[in-house]
Amino acid sequence: MSRLERFRSLFRTALDVPEEIAPERYQALRRKITLLLTTAAVVPLLILSVINYHQYRATLTREIVTPVRGLVNKTRHSFELFLAERASTVSLISQVYTPAELADERNLNRIFRAVKGEFPGFIDLGLIDENGVHASYVGPYNLKGKDYSSADWYQQTRVKGVYVSDVFMGFRRFPHIVIAVQRMTDDGHSWVLRATIDTGQFDRLIASMGLEPESDAFLVNTAGVLQTASRFYGAVLDQLPLPMPPMTYETATLETTDPAGRDVFITYTYFQHADFVLMAVKPRADIFKPWTTLRSDLILLFVTSVALILSVAFGLTDLLVRRMRASDERRIAAFVQMEHTQKLSSIGRLAAGVAHEINNPLAIINEKAGLASDLMELAKDFPERDRFRALVDAILRSVERCRSITHRLLGFSRRMDVNIEQLDVNDVLKETMSFLEQEALHRSITTSVSLDQAMPRIASDRGQLQQVFLNILNNAFAAVPDGGSVTLATWLRDPDTVGVSIKDNGKGMSDEVLRHIFEPFFTTKKTSGTGLGMFITYGIIRRLGGDIAVQSKEGAGTTVTVFLPVKAAPTATLGS
Amino acid sequence: MQELKVLLVDDEEEFVTTLAERLSLRGMATRIATDGEQALRAVEADPPHVVVLDLMMPGIKGTEALRRIKAGHPTVQVILLTGHGSARDGIEGMKLGAFDYLMKPLRLEDLLEKLHEAGRLAQAAQGNS
């Protein structure tokens, strides 16, 4: 099997529906075509939408996170600069002045005031001698003589040379840091210059980041203790309720969920020269606000598209299936019509054949009986002449009866030849109607007439049309009760066809009767009918190139419609 | 008036002999033929005034016989008989020159009327010739 054929058979299987012309066929067709169309359109759209969704999201994350990273990076630099400046200042003082000069509190006080003027944030300044004791001190507290020899920061300063402490509350009940620089005198004595810095500056740096109210930024030390106050995660020196991110000097971003249950993006960076980590926390919802808008746009677009596809698929399928159904039904109707016509024509042929075959023996009987009668009449002395005359006459009457039946079956009218002339159907109809005027009057049957006066004259046979109309009118009169009504109408159906309808409000017919109405010897008038009226009518109309239709409903009346060609049918000129 | 010479042509022998006898009883000189060939020979031997010709016959068809009779003897009048349902043959026959046509079974009065009409025509024509 070729690929193409396989593809086709796939379709055939997918669209396998009952062949029988029934509502199920069209329901199945409608369902399957709609499903196929919808699937073919929606699946790619869905895939596209999902891809778009993810790509937009990734792009958006990048675009939103990048500026935050920049900001965090910049702010870290500011912090580092701030700390470096303070450290340099302390370092500079320690290099410019000798320990002896610094030990003099007047000198120290002068230096302190100068430094404080230049660099905001200095709280105090003090010299610690090699024993770890505050030798001189300038500041708001009386710390002179305090022994730091066992303090952790002192030890670290001794080791590292420069020390920047974590934030602590110390004695002063507000956060500050200590910057200490260790120096050696020329004669090998070590001393330390210690300054305390107010971390209010930190808050200002954080504030300068200009974050939205939902976001947060703060400094923590590597142990996770907050160095600045945060909006959502605690005050200074509280333990940060978030896990510490992995150590990196690069600015990095990670997604996590904070204790309040918000999905957040944390952008952070470790300081190179201090044990600090700067963190900026943005709620994801916040970041994705534009994304949410975009997403709802995307969803709206998708839903609209699907709705559009569905409506088109449904609409189109409905249209297609309707057309298919209509065409199927037309085909069936045409088929039924053809079958009906063929059946009637077969019956007609059969009837004609039988009639013809019977005519010859009938002719012999006729002549034999006739001769018998002749001989009997000629004989001078014939016993029981009257009796025989009666017998022969009875035979001849029966032959006459048969003759009239076979002749009607054969479609002979009184006037044998078809006589085509230009005539006005309205005239013929009125003429025929006049035969029944007496009966109408007698039985008070209302006859209403609506004739199209603008109709063209048609080429047809007056006598035969009269017979047709008379047959139909007789039936109508037989069907209506006394006081009933019969309505006649004519119209031009199309330029080549005129229509004549004869409608009664009589007893109507069942479908079963309607099916056999044109068949010979079919009658509902049990005593009076020959059953040949409609058979002959049908034959004449077909011969004249016309058509006849009967609509009827039991109890509601019958409408017989005759269509006649304006131009004579080719067959009409020579009879059947 | 001269005796009317009638040739009856029909393949139904029972029919044609009986009819011939009845016409003889009414003073006509009748002969019979049961097919087209016989009919043509009979016409050649002694042209009758009127031929009563059945259209449906084996052998030479009625219409063909009609054509030949009219060709050889235009003054011979032909009355066609048909037992068939269609008037077509009758009308066609009229076009070929038949005097008239009748349906089987016949009403004798109809036939006699036509025979006399046709006979007068034939006698007049043959008398003139």
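A crossing of two helices is called left-handed if the near helix is turned anticlockwise from the far one by less than a right angle, and right-handed if clockwise. Helices (H or I, at least four residues) and strands (E, at least two) are DSSP runs, numbered from the N terminus.

The structure is a predicted model, in which local features need pLDDT of at least 70 and side-chain atom pairs count only at pLDDT 80 or more, while totals for chains, interfaces and linings use all residues. Residues are numbered from 1 along each chain as its sequence is written, and chains are lettered from A and ligands numbered from 1 in the order in which they are written.

Start with chain B. It has five helices and five strands, and from the N terminus on these follow the order β-α-β-α-β-α-β-α-β-α. Of its 129 residues, 47% are buried, that is, 20 or more other C-beta atoms, placed from the backbone, lie within 10 Å of their own.

Now turn to where the two chains meet. Helix α8 (289–378) of chain A packs against helix α1 (residues 13–25) of chain B at an angle of about 30°, with the axes 9 Å apart. Axes here are lines fitted to C-alpha atoms, for helices over the stretch in contact, and angles run from 0 to 180 degrees between N-to-C directions. Because angles under 35 degrees count as roughly parallel and those over 145 as roughly antiparallel, α8(A) and α1(B) are roughly parallel to each other. Their crossing is left-handed. Residues are in contact if their C-beta atoms, placed from the backbone, lie within 7 Å; among those of α8(A) that meet α1(B) are Ile364(A), Leu371(A) and Leu378(A), and the residues on the α1(B) side include Phe15(B), Leu19(B) and Arg22(B).

Within chain A, α8(A) also packs against helix α2 (residues 23–96), at an angle of about 165° and with the axes 9 Å apart. That makes α2(A) roughly antiparallel to α8(A). The crossing of α2(A) and α8(A) is right-handed.

A further helix of chain A is α9 (residues 385–409), whose 25 residues should span 36 Å at 1.5 Å a residue; its end C-alpha atoms are 36 Å apart, which agrees. The expected span is 1.5 Å times one less than the number of residues. Which residues of α9(A) are buried? They are Leu396(A), Val399(A), Arg403(A), Thr406(A) and Leu409(A). These buried residues of α9(A) pack against α8(A). An α-helix has 3.6 residues a turn, so residues three or four places apart point the same way.

Definitions and conventions:
A residue is buried if 20 or more other C-beta atoms lie within 10 Å of its own, exposed if 12 or fewer, and partly exposed in between; C-beta atoms are placed from the backbone. Two residues are in contact if their C-beta atoms, placed from the backbone, lie within 7 Å. Angles under 35 degrees count as roughly parallel, over 145 as roughly antiparallel, 65 to 115 as roughly perpendicular and the rest as oblique.
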